[in-house]
Amino acid sequence: MQYITEMNSYKSEKSSAVTMGKFDALHRGHQKLIDKICEYADEDTVSIVCAFDMGRQVLLTGEEKKKQLEEQVDYLIACPFTKELREIEAETFIREILINQFHAASVVVGKDFRFGHKKRGEVQMLADFSEKYGYQLDVIEKERYQGEIISSTGVREALAQGNVALANVLLGYSYQLSGEVRHGKKLGRSLGFPTMNLLPEEKKIIPRFGVYTCRICVDGIWYNGIGNVGVKPTVSEEKRPLVEVFAYGYEGDAYGKQVTAEFCEFLRPERKFVSLEELKCQVDADIENGKKYFRTYSAK
């Protein structure tokens, strides 16, 4: 797969099957669109995901999108939603971008896709111009869970509530935060549970502050464990949220390494304790509750 960060850098002369949108989560609804363009891709037709970057807090970073789509599509175009793109007239968008640049033979969009100046372009316009410009249009029905449309907004709301189990169902994969392991006060080590402090990217959305069961990847190996998301109010004046994880069975030195925490289930909210002894008792309980979760999970 080729990862392109400027639309004008796309140079292929092959026909394409293209889908467009924000794709800020690559949730199960987004995956339906991607699966459809992959059906059309062959040696003469490339598959393109054109993801508009709206410049907001994100559920997936560009690198995470790249990793998820690496084996699926031919091109991922991470396109900044510039003033020029916002103000392009809808038919001009079809002619200049879909046809002249992407050579689109197939266009795949969701029912609510809008484009062009003041969002005047919509699905019916794409249908009306399909014969003139010679492309096939597929309009994909929304994916639903328990009767509700799956959306990035729904994922954001679930994470804000700490309901990572629901967020993972909507996404179709487990929500992750990654970061380089930073040196901290080594308090966890002194209390008997050496932890790793991760500083996620600033634009990346974090779940509700609290303690979670997690799967933790260090050096390509996954460990069960627990993680705290927040500012550690008992022992720190830190304002920027951190992810502090404890991986069961890991005994190496992770400082400076890139570590990923994959969230499984919410255990409890973050809170301030009156003493380190009270904190240690609670973390001991969290560790045991995490082990119980994974024993139950593995038995299913």
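Colleague: Is glutamine 136 buried, partly exposed or exposed?

Modeller: Start with the cut-offs: buried means under 20% relative accessible area, exposed means over 50%, and partly exposed lies in between (1.4 Å probe, protein chains only). Glutamine 136 has a relative accessible area of 38%, so it counts as partly exposed. Before we go on, this is a predicted model, in which local features need pLDDT of at least 70 and side-chain atom pairs count only at pLDDT 80 or more, while totals for chains, interfaces and linings use all residues. Residues are numbered from 1 along each chain as its sequence is written, and side-chain values use heavy atoms, with hydrogens and water left out.

Colleague: Which residues is glutamine 136 in contact with, leaving aside its neighbours within four places in sequence?

Modeller: Contact means heavy atoms within 4.5 Å. With those neighbours set aside, glutamine 136 touches Tyr40, Ala105, Ser106 and Val107. Glutamine 136 itself belongs to strand E6. As for the naming, helices (H or I, at least four residues) and strands (E, at least two) are DSSP runs, numbered from the N terminus.

Colleague: In what order do the six strands of the open sheet run?

Modeller: The general idea is that strands of a sheet pair through backbone hydrogen bonds, either parallel or antiparallel. For a pair to count, DSSP has to find at least two bridges between the strands. In this model the order is E1-E4-E3-E2-E5-E6, and the pairing is parallel. Strand E1 (2-4) and strand E6 (136-140) are the edges, each pairing on one side only. From one strand to the next, the twist averages 20 degrees.

Colleague: How many bridges join E5 and E6?

Modeller: Five bridges, in the parallel sense, with E5 covering residues 104-110. E2 is mostly covered, with six of its seven residues buried.

Colleague: Where is threonine 45, and is it buried or exposed?

Modeller: Threonine 45 sits in strand E3. Its relative accessible area is 13%, so it is buried. Beyond its neighbours within four places in sequence, its contacts are Ser15, Ser16, Ala17, Tyr40 and Asp74.

Colleague: Which strands does helix H1 lie across?

Modeller: For such angles, axes are lines fitted to C-alpha atoms, for helices over the stretch in contact, and the angles run from 0 to 180 degrees between N-to-C directions. Helix H1 (residues 28-40) lies across strand E2 (15-21), strand E3 (45-53), E5 and E6, and runs at about 165 degrees to E5.

Colleague: Which residues of helix H2 are buried?

Modeller: In H2 (residues 62-69), the buried ones are Glu64, Lys65 and Leu69. Down the axis of H2 they fall within an arc of 120 degrees (taken from the directions from the helix axis to the C-beta atoms), so they line one face of the helix. Glu63 and Lys67 are exposed on the other side of H2. The buried residues pack against H1, E3, strand E4 (75-80) and strand E9 (176-182).

Colleague: How many aromatic pairs are there?

Modeller: A pair of aromatic rings is described by the distance of the centres and the angle of the planes. Rings of Phe, Tyr and Trp (its six-membered ring) pair if their centres lie within 6.5 Å; planes under 30 degrees apart are stacked, over 60 edge-to-face, and the rest tilted. That rule gives twelve aromatic pairs. One of them, phenylalanine 129 with tyrosine 133, is tilted, at 6.0 Å centre to centre and 35 degrees between the planes. Both lie in helix H5 (residues 123-133), four residues apart, about one turn of the helix, and both are buried. Tyrosine 212 and phenylalanine 266 have ring centres 5.2 Å apart and planes at 70 degrees, so that pair is edge-to-face. It links distant parts of the chain, strand E11 (residues 210-218) and strand E14 (residues 258-269), 54 residues apart.
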